[in-house]
Amino acid sequence: MNTLFALPEENKAHPARYTDALLSTFVRMLRGSRRILDPFGGTGKVFLLEHWLPGIQIEAVEIEPEWAAINPRTTLGNALALPWPDGYFDAICTSPTYGNRMADTFARISGSIEPRGKYAWDLRRELSPDNTGRLQWGAEYRRMHELAWAEALRVLQPGGRFVLNVKDHIRDGERQHVTDWHIETLKALGLVVREHERINCAGMRIYRNGGKRVDYESVVLLERHLTSVPADRLSVAAADDQEMTSAAAEHRR
Ligand SMILES: C[S@@+](CC[C@H](N)C(=O)[O-])C[C@H]1O[C@@H](n2cnc3c(N)ncnc32)[C@H](O)[C@@H]1O
């Protein structure tokens, strides 16, 4: 995307900020929205959208203080317990963690010679307990994201848009269908898919698995049904939850 302003220098390490190539798609999908939330805010790159969507209100939430501090407008908080009332936003734009090797623990990578591209390495410590970035693709990853999506939909008004950026990865030579899982989960919570764009990102990551790679990121536009989602659908993940996370447990009290 051509810019008439300088993109801010990326001077604080974070392994998974939005790629610039995604921004024009976000802008196109979000045009006409008035209040956007990024519940997995990271470095606050979502605020860049204001340049193309003047007058819009943007909020972002990030759980790690070091990353929340990169953009002072980011709220330090937890995607599982958002501090806004029901239906406050008319759009969500977000990228969850992907469940790939970026999630390796600090204990595992601290002796490694190539620890780059990991959440814990960039913080030089283990992630917070409710950070989904410490989870590899699997049951706990899915449970935490069900809780996060239910909470995001609580603050999204009926008819609101949900722009999801996610990517599959290869593990032990097999493609992990993380993107489909997110889409199906959001559909089960009452959203409809309007568009699915695949944006080439070859060369932007460190690849393993003998050259096998997924070289695009998905940007999916979904829309929430005009009628609100029944409360029992929104709490489906939480109801099944045997090992309730600290924030989610707090939120449900
Ligand atoms: C894929 S990154 C998003 C990066 C962001 N799009 C950017 O451009 O900087 C996901 C972010 O979500 C944060 N995160 C993970 N779990 C969270 C939670 N429960 N609440 C809030 N933030 C969380 C991680 O720390 C990480 O910074």
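In the predicted model, the largest nonpolar core comprises 48 residues, and those with the most contacts inside it are Ile 92, Cys 93, Phe 162 and Val 163. Helix α5 supplies the largest share of this core, namely 8 residues.

Of the 16 residues of α5, 12 are buried, so the helix is largely enclosed by the rest of the structure. The buried set contains Tyr 141, Met 144, Leu 147, Ala 148, Trp 149, Ala 150, Ala 152 and Leu 153, together with Arg 143, His 145, Glu 146 and Glu 151.

The strands considered here form an open sheet of 7 members, in the order β3-β2-β1-β4-β5-β9-β8 and with mixed pairing. Strands β3 (75-76) and β8 (191-200) stand at the edges; each has a single partner strand, so one side of each is left without a neighbour in the sheet. Within the sheet, strand β4 (residues 89-94) and strand β5 (residues 156-166) run parallel and are joined by 5 bridges. Ala 91 stands opposite Arg 161 in β5.

A further feature concerns Leu 226, which is placed in the loop between β9 (216-224) and α7 (231-234). Leu 226 is classed as exposed because 9 other C-beta atoms lie within 10 Å, the limit for this class being 12 or fewer. The C-alpha atoms of Leu 226 and Pro 158 are 4.5 Å apart in space, although the two residues are separated by 68 residues in sequence.

The ligand is surrounded by 22 residues, of which the closest are Arg 17, Phe 40, Gly 42, Thr 43 and Lys 45. By residue class, the shell around the ligand divides into 8 nonpolar, 9 polar and 5 charged residues.

Methods. Residues numbered from 1 in each chain as written. Predicted model: local features only at pLDDT ≥ 70, side-chain atom pairs only at ≥ 80, totals over all residues. Near = placed C-beta within 6 Å. Nonpolar A, V, L, I, M, F, W, Y, C, P; charged D, E, K, R; others polar. Buried ≥ 20, exposed ≤ 12 C-beta atoms within 10 Å, placed from the backbone. Helix = DSSP H or I, 4+ residues; strand = E, 2+ residues; numbered from the N terminus. Core = buried A, V, L, I, M, F, W, Y, C linked by C-beta atoms within 7 Å. Pairing = 2+ DSSP bridges.
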